[in-house]
Structures are given as C-alpha cells and as structure tokens.
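Visitor: I would like to go through this model and ask on what grounds each label is given.
Guide: Then let us take the labels one at a time.

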Amino acid sequence: AEYYVGDKKYMFKLPDALSFYDGSMIACGAGTAYSAVSKMALSANDTLVVLGLGHLGLACIKIAKAYGARVIGVEINPGRIEMAKKIGIDHAINSDKEDVIKKVAELEPFGVHHVIDVSGNQHARAKAVALVSPDGKVAFVGMRNHLNTIFDIDNMIRKQVTIFGSYVYPLNMWDDMKDFFVRNHVG
C-alpha cells in the first residue's frame, strides 16, 4: 500500500543509507537475528554454529560475518545450503549426509563457544547443547509450536553453558541495530 496508518511508538526513521526494503528486513527477520547474535558478543576470534539456514539463519551468517566471526551452518535443504555459500558462510554441513558433531569437531578441534538454533527443531536444539564447548553460549531463536526438547542437562551443567532465548528484539535496540547494518553494509 502507498500509505499505512500505524501507532507512532512503532515507527522509526530510516537513515538515508537504508532503503524501505532494508528497513522492513531489519524490522523483522534480520532484527531477530541481530538481537540473538549481538548477545553472543562475537569477535574475529570466534566461530558461530548456526542450526537452520532459512531466512533467520542467513541473516545470522551475514551479521556474524560483519562481527568478523567464522560461521558454520547446519541444514538439510540443499537449496538453503547453496544460498548460505553464496552469502559467504565458511562451512555448511548437510545434516542428512554428515554427522554434525563429528564434522564440527573436525573443523573446530578446540570447540565452538557460540551456537544459535533458528530451526526450532527439537533434535537441532539438543545438538546445540551437545556442540557448544565449556563456558559457551547457546541461543534458542526458532520456535515450533510447543515442541519439547530433551537434551543432556547434566552435560550442560558440567560444561557451565549459558542458554538463552531471543525473541525478535527490544525496541530500544533499534538505534544500535540500524547503525550496525549501515556501518557494516549488511543487507
């Protein structure tokens, strides 16, 4: 529509460097990914494993790469894997064809401290906890209509893993987020 009536508290001014398309992307999926990835406090010394390479997973890749991190993605859909390769993922694992835990251990023999599940798949969620190294962080972003997830909680406790959920983004994150997307040419 050419015009839309909305509540002022939900309206944000876009900088000239961001198109309306970019703004709509940030306001939804990319904003959700940014909120989760930014809580990881990534740097160029880090590797992030992203479980699920749909639109949220792809946004996580671009954001993590802007932080300088290495990114390993896990997905079963070959088309999504190809898209992740096109946008610069460091390594993609097809979980239908490879043992994810074994492959990540080959790629990162000292472990990974950051794992994000955007798939919402209960098996991927359990794998996230298994993959993360001691003192690491796991973010659960993907939701799947009340599916319960069972993972080895004793292992999580022994490894002292921080687990958190991330849902969309708080409105007070807008200014930092838009500045990040402009400064790092994420789009």
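Visitor: Where does Gln 160 lie?
Guide: In this predicted model, Gln 160 sits in the loop between α7 (153-159) and β6.

Visitor: What makes Gln 160 exposed?
Guide: Exposed means over 50% relative accessible area. Gln 160 has 57%, so Gln 160 is exposed.

Visitor: What is said of the phi of Gln 160?
Guide: Its phi is positive, about 55°, although Gln 160 is not a glycine.

Visitor: Which residues does Asp 135 touch, not counting those up to four places away in sequence?
Guide: They are His 113, Lys 159 and Gln 160. Asp 135 itself lies in strand β5 (residues 132-140).

Visitor: How do you know whether Asp 135 is buried or exposed?
Guide: Its relative accessible area is 54%. The cut-off for exposed is over 50%, so Asp 135 counts as exposed.

Visitor: Where is Val 168, and what is its phi?
Guide: Val 168 is in the loop between β6 and α8. Its phi is positive at about 50°, and Val 168 is not a glycine.

Visitor: What label does Ile 87 get, and on what value?
Guide: Ile 87 has 27% relative accessibility.

Visitor: Why does Lys 103 count as buried?
Guide: Buried means under 20% relative accessible area. Lys 103 has 18%, so Lys 103 counts as buried. Lys 103 lies in helix α5 (residues 100-107).

Visitor: What is Lys 103 in contact with, leaving aside its neighbours within four places in sequence?
Guide: With His 91, Ile 93 and Glu 98. Contact means heavy atoms within 4.5 Å.

Visitor: How do you know that the buried residues of α1 are on the same side?
Guide: The buried residues of helix α1 (residues 20-27) are Asp 22, Gly 23 and Ile 26. They cover an arc of only 100° around the axis, so they are on the same side of α1. On the other side of α1, Phe 20 and Tyr 21 are exposed.

Visitor: What do the buried residues of α1 pack against?
Guide: They pack against α2 (29-39) and α8 (174-183).

Visitor: What makes α2 largely enclosed by the rest of the structure?
Guide: Nine of its 11 residues are buried, so the rest of the structure largely encloses α2. Among the buried ones are Gly 29, Thr 32, Tyr 34 and Val 37. Their cover includes α1, α3 (55-66), β4 (112-117), β6 (162-165) and α8. Just after α2, Ala 41 has a positive phi of about 55°.

Visitor: How do you know that the chain agrees with a compact globule?
Guide: With 187 residues, such a globule would have a radius of gyration near 16 Å; the chain has 17 Å, which agrees. The C-alpha trace spans about 50 × 30 × 30 Å along its principal axes.

Visitor: What share of the residues is buried, and what share of the contacts is between residues 24 or more positions apart?
Guide: Of the 187 residues, 44% count as buried. Of the contacts with a separation of 6 or more, 63% are between residues 24 or more positions apart.

Visitor: How many helices and strands does the chain have?
Guide: The chain has eight helices and six strands.

Terms used:
Residues numbered from 1 in each chain as written. Predicted model: local features only at pLDDT ≥ 70, side-chain atom pairs only at ≥ 80, totals over all residues. Heavy atoms only, no water. Helix = DSSP H or I, 4+ residues; strand = E, 2+ residues; numbered from the N terminus. Rg over C-alpha atoms; globule rule 2.2 N^0.38 Å. Buried < 20%, exposed > 50% of the residue type's maximum accessible area, 1.4 Å probe, protein only. Arc of directions from axis to C-beta.
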